[in-house]
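Subject: Structure handover

Hello,

Here is the structure I promised to pass on. Please have it open while you read the notes below.

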Amino acid sequence: MSNWHSQKAQARDELLPYRYNSNNPEAQPFCSPSLEIPSVEGLSRRAHPHIKGWPEAPQAIPRRSLRVILKDASIFVVSLVFLVLAVVILCLKDQPKGNRIGQATEEASKLAPTIFPILFAAVVSRALFLIGRSRAESGIQLGTLRGLVSTKTVTDAVANLFDFHDLLSVILLLLWALSPVGSQASLRALITVNQTTQETVPIRYMDTGPLGQVFTAEWNVAQSDALNGGQPTTLTDVYSAAMMQTLGSKLAPLDAWGNIKIPRLDSFNSVSPDGDGWINTSIPNPEVESYSSLFGIPIAGLPQNGTTFTFSVETSYVSLSCPNSSQISNTHAPVLLQGLNVTCTTCALNTTSNEIGGYPGRRALWSRRSQFFIGEGSPNSTEALNPVFSDANIIQFLSPSPNATVVSVNCSATQVPVETRIRCVQGVCAATHIRPSTTDKRNLNYTVFDYWAKVVLDEMTLASRHGGGGVWPSASELFISNSSREPVLIESVGHIQQQVDLAAVPLPVFAARASMLLNTFIDVWMSGSNFAGEIPTNLSMYGPAHIPATGLAAYENVSLAFGHPNLPATGDIPDTLLETFRRAPFIGASTSGVLTQVQEVYKPDVPWLILLFVAAGTMSAVSLSGVIYGLKARAPDRFDVIMSQTYDNPYFDCPPGGSLLGVKDRAKLLRHVRVRVGNVHPEGEVGKLGFATAENARSVRSANLYE
C-alpha cells in the first residue's frame with residue numbers, strides 16, 4: 001500500500017511541478033498563469049479509465065447547433081411578451097371596459113405577476129451566462145466572469161453586493177431589482193376610471209305649432225272628412241285607452257307607452273321661477289292634473305344609451321278657465337243629451353265645413369281667427385275691439401246629473417305655448433322645468449278650436465255617450481269626477497254607480513281635468529298611432545329642421561301655397577310639401593340635446609406603465625445581447641459549478657483530451673464516476689483539500705492541517 005502511495009505522489013509531483021511546498025514558499029501555486037503542461041512520462045504513469053464516447057483524437061471546434069441557436073432566439077422572443085403587454089395597455093387608453101381585447105388584457109395582467117419573475121429569471125440569467133461565456137474567450141476579470149455567470153436570482157444579486165463591493169455588483173442588483181418591479185408594474189399598469197363624455201344629439205318631436213296644425217287640418221282632418229260627419233271611431237278607442245291607464249301611469253312623468261308628458265304651467269303657480277323664467281316641476285308627489293295631457297309627446301331619435309340626456313322642447317296645449325257652472329233642467333238644455341256634450345259656443349266653425357260656406361260672415365270669422373292662430377297676421381284695430389274677433393272662445397260642457405238636471409260649465413279656452421326642459425337618466429325621462437315659450441309670440445286667445453279642432457269636440461262627445469237608458473256615466477265623466485280611479489262603472493263587487501254629479505267637482509279641478517281630456521284627443525289627431533312607440537329614427541323623413549314657432553317659415557311661400565283663407569276640409573296641401581311628409585309619422589319639430597355618458601374606460605397608470613416598459617424592455621435588451629454574444633462564442637461551455645472542476649484536474653481521473661466537450665456532454669459521459677471532496681495529499685503532514693475521483697482523495701479530518 002505504501003508503494004502505491006509513493007507512485008501516486010511521484011506522478012502528482014511530475015504533473016504539478018509548481019505545487020505549493022511549505023519548504024519552498026517561492027514556488028508558484030497550481031493556478032499560476034505560467035503553469036507548464038505535464039511531461040509525457042508523468043502522464044504515461046497514470047492509469048486512465050476507458051469511457052465510452054470519449055473523444056480519442058483531436059477534433060475541430062464544432063459549430064453551434066441550430067437547436068441551441070433557436071433555443072436562445074426563442075427565449076428572446078418570449079421576453080417580448082411583456083413589451084407587447086405594455087404596448088397593448090397603452091393602446092387601450094380611453095377604450096370602454098369590457099371589449100374583447102380589454103378583457104383579455106385584464107386576465108393577462110392578473111397572471112403577469114406570477115409569470116414575470118419566472119420569465120425574467122430564466123431570460124436574464126441565460127443572457128448573462130452567454131455574455132460571460134463569450135467574454136471569457138477574449139479575456140475578462142475573474143470577478144466579473146463570476147458575477148455574470150453565477151447571478152441567477154435577486155438573492156444572488158443582493159449577496160454579490162454584500163460580498164463584493166464593486167460596480168458590477170451594483171449594476172447586477174439594479175438589473176435584478178427590475179424583476180419584482182416589473183412583476184408589480186404588469187399588475188398595476190392597467191386601471192379603469194369613469195370617463196365623462198358629452199355630445200350633441202339631434203332629435204325630432206311632434207310639432208304642435210303652426211306647421212303641425214296646418215298639416216293636421218289640411219291632411220288628417222280633411223282626409224277623414226270629420227268636419228262633414230266622418231267619424232273615425234278608432235280615435236275614440238285610443239282616447240278611451242288613454243283614460244284606462246293605471247293611476248301609476250297617470251301620476252308618472254311618462255305615459256304607459258313611454259312618451260314624456262308635458263306639465264301644465266298653471267299647476268305650478270306656487271313655485272317661483274328662476275332668473276330665466278324656469279319653474280322646477282320635479283315635485284315629489286305630483287297629481288294627475290299636473291300634466292297637460294294623458295299622452296306624452298312622441299319623440300324620434302331619443303338616445304337609449306348614455307348616462308344622462310338633457311334637451312328642451314317647445315309645445316303648446318289648450319288651457320281652460322271655468323269661472324262658473326250652473327244646473328238647468330233637461331227641457332232647457334240646448335241639445336238632447338245622450339251623455340257628456342262638448343261644444344264651442346263662440347267658434348265660427350261649430351257646424352260642418354260644407355254648411356259654413358253658405359254663411360260669409362262666419363266664414364270670414366273662421367278665416368281670420370284661424371290665420372291669427374297659425375301666426376299669419378294679427379287683428380286690425382277694428383277686430384281688436386270686437387270680442388268676436390279678439391276674445392277667447394267658450395267651450396261648453398253639458399252633463400246629466402243624478403237629480404234629473406243638466407250641469408252646464410262654460411270655460412274660456414286659450415292656447416298656452418311652453419318650453420319644457422327634459423332630463424333622461426339611464427333612458428328614463430321626465431320633465432324637470434317649464435317656462436312660457438320665448439319664441440312663440442302668438443296671441444293666446446286663438447286656439448286650435450278656431451281652426452280644425454271642432455272634430456275633437458265632436459269625437460269627445462261621441463266617446464262620452466251613455467249606455468242604454470241614458471243612466472250610465474261615460475269614462476270622460478268618471479275621469480272628470482275622480483281622475484285617480486279607473487274610469488269604469490264597477491268599483492267593487494256589489495257597488496255600481498249609475499251617474500256622477502260634475503257639479504260637485506271644484507271648478508279649477510274641472511278645468512284642469514277637462515283640458516287634459518281635450519289635449520289628449522288633440523294629441524291623438526296629431527300623432528295617430530305613434531304614441532304607441534316604435535317611431536322611425538331616420539330624422540330626414542321628418543322634413544327640414546325647424547322650431548314650432550317658425551315651422552311655416554321653413555317653407556317658402558307655404559302660406560300662399562295653402563291658399564288661405566281656405567277651409568281645412570279642402571285638403572289643400574302643396575304636392576311638394578305633401579311628398580316631404582307623406583311617410584312621416586308626424587310633423588317633427590327639431591331640437592338637440594346634450595348626451596352625457598359616464599362609462600368605465602381603460603387608462604394606463606403612467607408611472608407603472610413606464611416601469612413596465614423599462615423592466616420589459618431591459619429584459620428583452622439583455623436577452624438580445626445574450627443571443628448576440630452566444631453567437632460569438634466558440635469554445636464549449638465550461639461554466640458549470642460541478643463539471644468545470646473535472647477539466648484539467650490532476651486529481652480527477654478521466655481519459656486524456658476531451659477539452660472540446662461542453663459541460664452537458666461531459667456530464668453525460670462522466671455521470672457514473674464516483675467523486676469526492678477530500679484530502680488529495682493524505683500522505684503528507686499538511687494535507688490539501690480538492691475535488692477528485694473517489695480513489696484519489698481521503699476523508700477530511702478536522703485534526704489535520706491543510707494548505
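This is a predicted model: local features need pLDDT of at least 70, side-chain atom pairs count only at pLDDT 80 or more; totals for chains, interfaces and linings use all residues.

Residues are numbered from 1 along each chain as its sequence is written, and side-chain values use heavy atoms, without hydrogens or water.

**The second largest pocket**

Its volume is about 760 Å³. (A pocket is an open set of points on a 1 Å grid over the protein atoms alone, with protein on both sides within 12 Å along at least five of seven lines; lining residues have an atom within 4 Å of a point. A volume is the space filled by probe spheres set on the points, which are joined across faces, edges and corners.) The lining has 28 residues, and Val68, Arg133, Asp637, Gly662 and Asp665 lie nearest the centre. Helix 22 (663–670) gives the largest share, five residues. Helix 3 (66–79) and helix 5 (100–138) each supply at least two. (Helices are DSSP runs of H or I, at least four residues, and strands are runs of E, at least two, numbered from the N terminus.) By class, the lining has 13 nonpolar, three polar and 12 charged residues. (Nonpolar means Ala, Val, Leu, Ile, Met, Phe, Trp, Tyr, Cys and Pro; charged means Asp, Glu, Lys and Arg; the others, Gly among them, are polar.)

**The largest cavity**

There are seven cavities of 30 Å³ or more. (In a cavity, a 1.4 Å probe fits but cannot get out.) The largest holds about 190 Å³ of space. Of its 20 lining residues, Thr208, Ser292, Ser316, Tyr317 and Asp523 are closest to the centre. Strand 4 (308–329) and helix 18 (507–527) each give two or more residues to this lining. The lining divides into nine nonpolar, nine polar and two charged residues.

**Helix 18 and its partners**

Helix 16 (454–463) packs with helix 18 at about 110 degrees, with axes 10 Å apart. (Axes are lines fitted to C-alpha atoms over the stretch in contact, and angles run from 0 to 180 degrees between N-to-C directions.) The two are therefore roughly perpendicular (65 to 115 degrees). Their contact (heavy atoms within 4.5 Å) includes Val455 and Met460 of helix 16 and Leu518 and Ile522 of helix 18. It has 10 nonpolar, no polar and one charged residues.

Helix 10 (233–243) packs with helix 18 at about 130 degrees, with axes 10 Å apart. Among the residues that meet are Leu235 and Tyr239 in helix 10, and Thr520 and Val524 in helix 18. This contact has nine nonpolar, two polar and no charged residues.

Best wishes

Methods: Angles under 35 degrees count as roughly parallel, over 145 as roughly antiparallel, 65 to 115 as roughly perpendicular and the rest as oblique.
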